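Subject: Structure for you to look through

Dear colleague,

I am handing over the structure that we spoke about, and below it you will find what turned up. Please keep the view open beside the text while you read.

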Amino acid sequence: MKTASQPYQTGPVNSPCPPESQRPVGTFADPDAALTQLLYEKRYSLLWVGGHRWIDLRRYDRLGTLPLDLPVHTVNDRYPIPGDEQLARK
C-alpha cells in the first residue's frame, strides 16, 4: 500500500488484462463449445424470467435448437408489428 510520501509511478501503466491472444480459453475445445455452455448456463439461471432464451438463441442463430411441443409447431424468428402500431407510425 502506498503512503503519501511515496511518489506515483511515472512509467507506462501495465494493463491488468493480457492481450486477447494470451487469455486462457478455459477447458473448451473451441469457441462454439464455450458458447454452447454459456447458453446452457443462461437457460437455467434465467429459467423463470421469460423470453431471454429465445432472444439469446436468435442472436446466435440457434433457433433451430429450440424443442417443439408438437410437430406442427414452428419457431418464429421475428414477430409482426400490430396493425394499430403500424398505423400510428404513418
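Two aromatic pairs are counted here, under the rule that rings of Phe, Tyr and Trp (its six-membered ring) pair if their centres lie within 6.5 Å, with planes under 30 degrees apart called stacked, over 60 edge-to-face and the rest tilted. One of them joins Tyr-40 and Tyr-44 in an edge-to-face arrangement, at 5.1 Å centre to centre and with 65 degrees between the planes. Because Tyr-40 and Tyr-44 are four residues apart in helix H1, about one helical turn separates them. Helices here are DSSP runs (H or I, at least four residues), as strands are (E, at least two), and both are numbered from the N terminus. Tyr-40 is partly exposed at 45% relative accessibility, and Tyr-44 is also partly exposed, at 43%; in these terms buried means under 20% relative accessible area, exposed over 50%, and partly exposed in between (1.4 Å probe, protein chains only).

Trp-54 and Tyr-79 form a tilted aromatic pair, with 5.5 Å centre to centre and 50 degrees between the planes. Since Trp-54 lies in helix H2 and Tyr-79 in the loop between H2 and H3, this pair ties together parts that are 25 residues apart in sequence. Trp-54 counts as partly exposed at 22% relative accessibility, whereas Tyr-79 counts as exposed at 54%.

Before going further, please note that this is a predicted model, in which local features need pLDDT of at least 70 and side-chain atom pairs count only at pLDDT 80 or more, while totals for chains, interfaces and linings use all residues. Residues are numbered from 1 along each chain as its sequence is written, and side-chain values use heavy atoms, with hydrogens and water left out.

Taken as a whole, the protein has three helices and zero strands, which gives the pattern α-α-α when read along the sequence. Of its 90 residues, 8% are buried. Among the contacts (heavy atoms within 4.5 Å) with a separation of 6 or more, 16% are between residues 24 or more positions apart.

Which residues make up the largest nonpolar core? There are five of them, namely Leu-35, Leu-39, Leu-57, Leu-63 and Leu-66, where a nonpolar core is a set of buried Ala, Val, Leu, Ile, Met, Phe, Trp, Tyr and Cys residues joined through side-chain atoms within 4.5 Å. In soluble globular proteins, nonpolar side chains tend to be buried together. Not counting residues up to four places away in sequence, Leu-39 touches Asp-56, Leu-57, Tyr-60 and Arg-62. Leu-66 is placed in the loop between H2 and H3 and counts as buried at 17% relative accessibility. With neighbours within four places in sequence left aside, Leu-66 is in contact with Arg-53, Trp-54, Leu-57 and Val-75; from Arg-53 it is 13 residues away in sequence and 9.1 Å away in space, C-alpha to C-alpha.

Some other residues of the loop between H2 and helix H3 (83–89) deserve a look, and Arg-62 is one of them. Is Arg-62 buried or exposed? Arg-62 is buried, with a relative accessible area of 17%, and, apart from neighbours within four places in sequence, it is in contact with Asp-32, Leu-35, Thr-36, Leu-39 and Leu-57. Asp-61, in the loop between H2 and H3, is exposed at 72% relative accessibility, and it has a positive phi of about 55 degrees although it is not a glycine.

Lastly, the largest pocket has a volume of about 270 Å³. Of the 15 residues lining the largest pocket, the closest to its centre are Leu-39, Tyr-40, Arg-43, Arg-53 and Leu-57. The elements giving two or more residues to this lining are helix H1 (31–45) and helix H2 (52–59). A pocket is found on a 1 Å grid over the protein atoms alone, as an open set of points where a 1.4 Å probe fits, with protein on both sides within 12 Å along at least five of seven lines, and lining residues have an atom within 4 Å of a point. The volume is the space filled by probe spheres set on the points, which are joined across faces, edges and corners.

With best wishes
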